[in-house]
Structure formats: C-alpha cells, structure tokens
Amino acid sequence: EMDDNGALIEIWGKTSGYIPIKEASLEPIKHVNTVMEVGQDVTAEVIGTLRGMPVMSPRLAQLATAWEEVLDFRAKDETFETEVIEVNRGGAVCTVKGLRAFLPGSHYLGIPDASIIGKKLNVKFLDVNEDEGKVVISQRRAMMDSQTFSLEKGEVVPGTITGLRNYGAFLELDGGIAGLLHISQISFDRVDNLESLFKVGQRAKVMIIDHDKVNGRVALSTKTLEQQPGDMLKDMQKVFDSAEETGKKFNERMESERQAREAAARDIVAGLGSGLDSASEGDAAEPVAAGDVGSVAE
C-alpha cells in the first residue's frame, strides 16, 4: 500500500515494514508512486522501528550504488549530462546519479541565475570525495576537452560579453570557450565601474594571456591592446578596430624583451666563467719567491 507519507511493504511474507517518503529515493519526491509501484520488489536497509514495525530505506542502497557509479565516472574522466536543480551565490547545485553536485560559478559558461534551473549541462568532475560527501563539477572542463583547437597565449580573439561582476567581465569567445577579463586587465588606467563600460551581449576583442586547459580557465586582457594607456576608457571601439595590429606589436615587444633578458643572462654567466678562469690561471702562473722556499724548508 501507499499513502502521502510513504509505502507499506511486505518482508519475506512474514512481517510488514514501512518506507517513509524521504527514504524512498535519493532525489526529493512528492509521492512514493513516482518511484515505486504496488507489487514491486525493493532492496532496503532497516534504519529503525515505528510502533514495532521496521522502518526501511531504499535510499541508502541507492546511495552506495550512486557513489560506485560516480567514482567510476571520475576514474574515466568522462563528460556526462547533469541537470541544474538550484542556484546560489556561489554557483549552481546539480544532480549526478541522484547525488547533489556543486557547479562553481567560475566553472559555468556565463553567470548562473534562476533561469538555468531545470537546464541540462554537459560537465566533467573537478573533485570527488566520498568520505566528505563532496562532488564538484565543471562545465568549463567539458567544453575545453571537446574543443578541437587550443588557444595560444598572445592570440587576439573576438567574443561576446556574457556577464559582469565587480571583479571583471565574463566572455564567450567565438568557438564556445569562455574566459574572464579581470578588472585589472581592462586598461592601464583605473577602472571603477564595469557596468558603465560594458554591456551584456556586447562584442569585444581580447588577448589570451593564459590558457589553463586542465582547470578550464582562460584569462583575457584588453589593456595589452591599448596604444596609449586609458584608450579602453576613451575610445574602446578604436582599440577593437586596431586590436590585431596592436596585439602583434605587443607580442613582438615582449619577445624582443625576452631575448634581451636571455642575452643579458648569458653575458653575466659568461663573465662569471671568464673571471673564474682568469683567477685559476693567475694562481697557477704566480712564481714562488726564493725567500718563501727557504721559509718552507726551514
């Protein structure tokens, strides 16, 4: 039998047990008939008694199975589908094999808000710890691994602004990869208010300054595209129009400075080596005074 609070079960034809609705499934349900039906065989664990009747929990058996499947997925590092069930300040909560998994906002392509509840996402695991009951997932990792190309440091690429935060702007680059334009990388001049500078949906050009494929992070910059400090604040469109040319000059300057540093380092090492060789030769060639020999003999 079933009622609004749970289900009555027969144990080996000898006694009856009761499954409370909260123990009927790993996922929250409103009625037992959504996961069970009369006559169905179930595997459950005794967790207590109620008026002399065993209280049973299929949820615990499901929990053990779910962790086995999640750990197997984690070991294979495969991409899988999950559904968003909740959004909070830090990100989103999803379900993975009935377990609650946390999707950090920094690993979602965009900014998570209430509009994504019920949405299905392709993700990969970031962290799984059965002892702590912790499952952390990443949409960025799944997206990065699905790409057939990689972004090169110093490359200038177009993208669309998908979200604004007080610490920077999120962009979806053409090709589906997301990145962060940190507020410190927007301009050589101070930026106080991103909302007065950018709008969601706005097109932009940015330079790749770091691409961490393992952790699914792309760091972007526009200040490297400024011909003069503050151009992003004075004439942003001018910066974007000349982005490829300015970016090329910036990369050439960085490469020239790198080569100069390496040459200076080689000169220092060579100078140290010459000094040591000269000192060794001087010691070997220095004549011994006759008086010194007598002193030694004495």
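Reader: Happy to start with a loop. Between which two elements does Asp 77 lie?
Author: This is a predicted model, so please read everything here as computed. Asp 77 belongs to a loop, and the elements on its two sides are α1 (58-76) and β6 (80-88).

Reader: Is Asp 77 buried, partly exposed or exposed?
Author: Buried would need a relative accessible area under 20%, and exposed one over 50%. Asp 77 has 28% relative accessibility, so it counts as partly exposed.

Reader: What is the phi of Asp 77?
Author: Most residues other than glycine have a negative phi. Asp 77 is a residue other than glycine with a positive value, and its phi is near 55 degrees.

Reader: Which loop holds Lys 97, and what is its phi?
Author: Look between β7 (91-96) and β8 (99-104), where the loop with Lys 97 lies. Its relative accessibility is 43%, so Lys 97 counts as partly exposed. Although Lys 97 is not a glycine, its phi is positive, at about 55 degrees.

Reader: Let's step back to the whole chain. How many helices and strands does it have?
Author: The protein chain has 298 residues, and buried ones make up 37% of them. Among contacts with a separation of 6 or more, 57% join residues 24 or more positions apart. As for secondary structure, the count is six helices and 15 strands.

Reader: What share of the accessible surface belongs to carbon and sulfur atoms?
Author: The accessible surface of the protein chain comes to about 18000 Å². The part that belongs to carbon and sulfur atoms is 50%.

Reader: Which residues is Ile 186 in contact with, leaving aside its neighbours within four places in sequence?
Author: Ile 186 is one of the core members that touch the most others. Its contacts include Thr 222, Lys 223, Glu 226 and Met 232. Also in contact with Ile 186 are Leu 181, Val 191, Leu 194, Leu 197 and Phe 198.

Reader: How many residues does the second core have?
Author: This core is separate, and its members include Val 70, Ala 92, Tyr 108 and Leu 121. Its residues number 21.

Reader: What about pockets? Which strand gives the most to the lining of the largest pocket?
Author: The largest pocket holds about 470 Å³ of space. Of the 19 residues that line it, the closest to its centre are Ile 9, Glu 10, Gln 40, Asp 41 and Val 42. The lining divides into 11 nonpolar, four polar and four charged residues. With five residues, the strand that gives the most is β2 (residues 6-11).

Reader: Is Ala 7 buried or exposed?
Author: Ala 7 has its place in strand β2. Setting aside residues up to four places away in sequence, it touches Glu 1, Met 2, Gly 17, Tyr 18, Ile 19 and Val 32. Its relative accessibility is 3%, so Ala 7 counts as buried.

Reader: How far apart in space are Asn 251 and Gly 154, C-alpha to C-alpha?
Author: Asn 251 sits in helix α5 and is partly exposed, with a relative accessible area of 30%. Not counting residues up to four places away in sequence, Asn 251 touches Gly 154 and Met 207. Asn 251 and Gly 154 are 97 residues apart in sequence, while their C-alpha separation is 6.4 Å.

Methods. Residues numbered from 1 in each chain as written. Predicted model: local features only at pLDDT ≥ 70, side-chain atom pairs only at ≥ 80, totals over all residues. Heavy atoms only, no water. Core = buried A, V, L, I, M, F, W, Y, C linked by side-chain atoms within 4.5 Å. Buried < 20%, exposed > 50% of the residue type's maximum accessible area, 1.4 Å probe, protein only. Contact = heavy atoms within 4.5 Å. 1 Å grid on protein atoms, 1.4 Å probe; cavity = no way out; pocket = protein on both sides within 12 Å on 5 of 7 lines; lining within 4 Å. Points joined across faces, edges and corners; volume = space filled by probe spheres on them. Helix = DSSP H or I, 4+ residues; strand = E, 2+ residues; numbered from the N terminus. Nonpolar A, V, L, I, M, F, W, Y, C, P; charged D, E, K, R; others polar. Areas by Shrake-Rupley, 256 points an atom, 1.4 Å probe, with all protein chains shown as cover.
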